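The following exercises concern a single structure. Each gives a task and then a solution in steps.

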Amino acid sequence: MKNHVEPRTRSKPGKFGKYGGQYVPETLMEPLRALEEAYNKFSHDPSFKKELAGWLDSFAGRPTPLYLAANLTRRIGGARIYLKREDLLHGGAHKINNTLGQALLARKMGKRRIIAETGAGQHGVATAMACAALGLSAEIYMGSEDMDRQKLNVYRMKMLGAKVHPVESGSKTLKDAINEALRDWVTNVQDTYYLLGSVVGPHPYPTMVRDFQRVIGKEARKQILQTEGKLPKAVVACVGGGSNSIGIFHSFLHDLDVDLYGVEAGGEGLLPGQNAAPLVAGREGVLHGMMTYVLQDQVGQVQTTRSISAGLDYPGVGPEHAFLMNAGRAKYVTVSDEEALDAFKNLSQLEGIMPALESAHAISYAMKLAKSLGTKDSIIVNLSGRGDKDVEIIAKHIPQ
Amino acid sequence: MPSTSHNEDRIEAKFRELHSRGEGALVAYLTGGDPDPKAFLANSTALIEGGADIVEIGIPFSDPIADGPVIQASSMRALSQGATPKGILGLIRELSSQSPVPFVVLSYYNPILAMGLDRFLTKARESGVDGIVVPDLPVEESDEFRNLALKHNIDNIYLAAPNTSKLRLRTILERSKGFLYLVSLYGVTGPRDTLSPHALEAVSSVKSLAKGKIPISAGFGISRPEHVSAIIKSGADGAIVGSALVNIVSQYIENPDEAADYLRDAITKLKAATKKS
Ligand SMILES: Cc1ncc(COP(=O)(O)O)c(C=O)c1O
């Protein structure tokens with residue numbers, strides 16, 4: 001059965017239950033209002049939608065296939081595992097769905113200077129690509145620690161014409177890159193568009209980025225109905241900020257028989273500082289303009305995080321996930337560094353597909369889940385990105 | 001410890017007193033616990049001795065998005081010495097028990113949430129805090145906090161920015177207590193050589209909307225006596241100086257006594273610039 005009703009999880013604009021909101025310095029309230037207004041206008045404008053769809057098809061490579069991982073399925077001997085192949089998109093990850101949408105919006109708003117943060121560098125690369133294609137200038141903030149571990153993406157951003165600003169403050173990772181991008185935006189609000197890379201930050205970002213990523217779930221739902229003739233038993237996706245997961249979850253929200261699993265980075269364990277799993281190991285708080293779950297100490301200082309995957313290494317999470325967890329609609333679990341590496345190896349060798357370390361977290365959990373289900377069931381895993389960017393890290397951990 | 005009645009509306013009373021003397025208020029900011037509790041107490045005392053009208057103390061936070069490098073660094077120094085919100089409030093209590101100047105606390109929202117809104121405000125009140133600024137809590141999100149602050153007799157001081165619309169500004173002015181904190185530029189905190197071109201314009205437009213109902217103090221980038229003088233002469237009731245003072249703290253970390261001397265001296269000069277004519 002097709003569901004045409006817009007899933008509504010928002011209690012009032014910008015809030016998902018009590019989560020979300022706009023906890024930002026006063027200077028950002030006006031640009032956030034202008035952004036919301038522009039987004040509301042263009043997201044309903046048929047010519048904007050057509051233009052974006054055109055870019056997604058011929059530039060980014062949509063639709064992406066839903067691929068039956070037959071060898072992996074056979075090895076595990078449970079539910080059929082399908083992979084939603086966002087790794088095949090231009091740039092190698094789902095990030096381009098969002099950057100094309102926002103870059104087009106920025107151009108409509110007359111803003112030509114784009115700033116963005118990046119963790120793994122995937123959002124930075126996708127921003128640089130969209131900006132080059134649309135004739136916009138891109139400046140990317142990246143923690144110096146992340147620049148070290150994702151060198152390849154730093155080169156890619158530079159080749160694509162973007163300027164990369166190393167961030168030396170705080171823990172020198174994604175959270176600090178967001179801090180620095182927000183500080184830039186406060187300073188240059190008049191001519192600058194902040195292109196946030198996940199469903200985090202103040203309203204309207206969590207809603208807008210989700211809407212740009214919803215295409216993943218819309219396609220996947222249609223595809224699974226075509227191939228299986230019924231809905232899957234579960235949908236599994238990794239959760240950093242939460243954009244690829246919310247993007248694939250959303251079309252299944254009202255299919256209550258479909259279990260939704262968000263996989264957070266378990267790192268080296270669930271003790272403070274060892275993981276990046278705010279929904280599993282954090283507490284409610286306010287970070288980067290949103291009320292959500294945050295990894296923090298007793299007195300509210302944000303903790304440093306740890307994950308083998310730079311794209312999941314973030315102490316907060318999109319507010320809609322906080323809502324879905326408390327509403328009981330989605331479950332959030334963790335997968336450790338070691339398990340993710342193991343899944344990377346399995347998928348590479350059994351299927352000939354190297355997943356991003358982020359996506360390997362989802363693969364790992366799906367493997368456990370598949371085993372517990374029957375052979376008539378199916379699972380969709382969002383393969384959010386490809387693993388080329390991670391080979392250096394993987395080479396260190398997996399002996400050749 | 002100051003009694004409740006003594007504490008009531010001390011900020012308002014201070015502005016009234018200064019107004020009758022033809023002066024603007026000098027609001028002096030330091031980050032709590034920077035570089036360590038002892039030096040912080042000495043430095044704060046120096047601010048008061050030098051003539052600060054209101055003392056504003058920042059509660060250090062790991063992710064201060066409204067702050068530039070100077071206050072970021074001071075927050076990290078304080079945190080590395082183990083500063084906690086409760087500890088900072090304890091230090092303010094020591095200061096307020098020895099001085100009649102009003103105290104304002106600046107804290108990002110998360111440390112307040114972590115302690116619990118009511119508990120935080122109760123502790124702040126017991127420590128002699130008269131007003132509070134939460135830079136990441138705009139009016140839209142602050143109903144609960146504002147009501148609790150009212151209950152605890154702590155002035156909730158809102159911020160206004162150069163791009164705040166007239167409509168919002170009316171709401172903000174209506175809800176602010178103590179004074180309105182006018183952000184005088186587009187940007188984060190930090191010392192600047194010259195006053196922002198937006199500053200004086202913003203002061204006069206906010207001043208005319210406020211219609212004398214609430215004092216206006218301008219901050220961000222106000223570093224020198226000539227900045228203070230220009231801000232006050234353009235009609236502001238107060239000038240807030242932060243990073244310029246924190247800079248002094250950071251320059252004399254090895255010689256805390258010198259820091260206090262330089263701070264006292266700097267405040268005296270800044271205070272002298274608050275005369276309206
Ligand atoms: C391939 C890939 N997957 C997932 C993520 C995590 O982000 P999100 O949770 O927003 O999808 C990233 C972030 O860099 C990524 O590169």
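**Exercise 1. Determine whether V55(B) is buried or exposed, and describe its surroundings.**

Step 1. V55(B) has a relative accessible area of 0% and is buried; buried means under 20% relative accessible area, exposed over 50%, and partly exposed in between (1.4 Å probe, protein chains only).

Step 2. The model is a predicted one, in which local features need pLDDT of at least 70, side-chain atom pairs count only at pLDDT 80 or more, and totals for chains, interfaces and linings use all residues. Residues are numbered from 1 along each chain as its sequence is written, chains are lettered from A and ligands numbered from 1 in the order in which they are written, and side-chain values use heavy atoms, with hydrogens and water left out.

Step 3. Strand β2 of chain B (residues 54-58) contains V55(B); helices (H or I, at least four residues) and strands (E, at least two) are DSSP runs, numbered from the N terminus.

Step 4. Apart from neighbours within four places in sequence, V55(B) is in contact (heavy atoms within 4.5 Å) with A28(B), I48(B), V101(B), P102(B), F103(B) and V104(B). Although V55(B) and F103(B) are 48 residues apart along the chain, 5.0 Å separates their C-alpha atoms.

**Exercise 2. Locate L270(B) and list its contacts.**

Step 1. L270(B) belongs to helix α13 of chain B, residues 256-272.

Step 2. With 3% relative accessibility, L270(B) counts as buried.

Step 3. Its contacts, neighbours within four places in sequence left aside, include L26(B), S223(B), P225(B) and L245(B).

Step 4. Between the C-alpha atoms of L270(B) and S250(B), 20 residues apart along the chain, the separation is 19 Å.

**Exercise 3. Explain why the buried residues of α7(B) line one face of the helix.**

Step 1. In α7 of chain B (residues 117-126), the buried residues are L117(B), F120(B), L121(B), A124(B) and R125(B).

Step 2. Viewed down the axis of α7(B), these residues fall within an arc of 130°, so they line one face; the arc is that of the directions from the helix axis to the C-beta atoms.

Step 3. An α-helix has 3.6 residues a turn, so residues three or four places apart point the same way.

Step 4. Just after α7(B), G128(B) adopts a positive phi of about 85°.

**Exercise 4. State how many helices and strands chain A has, and what share of its residues is buried.**

Step 1. Chain A has 15 helices and 14 strands.

Step 2. Of its 400 residues, 66% count as buried.
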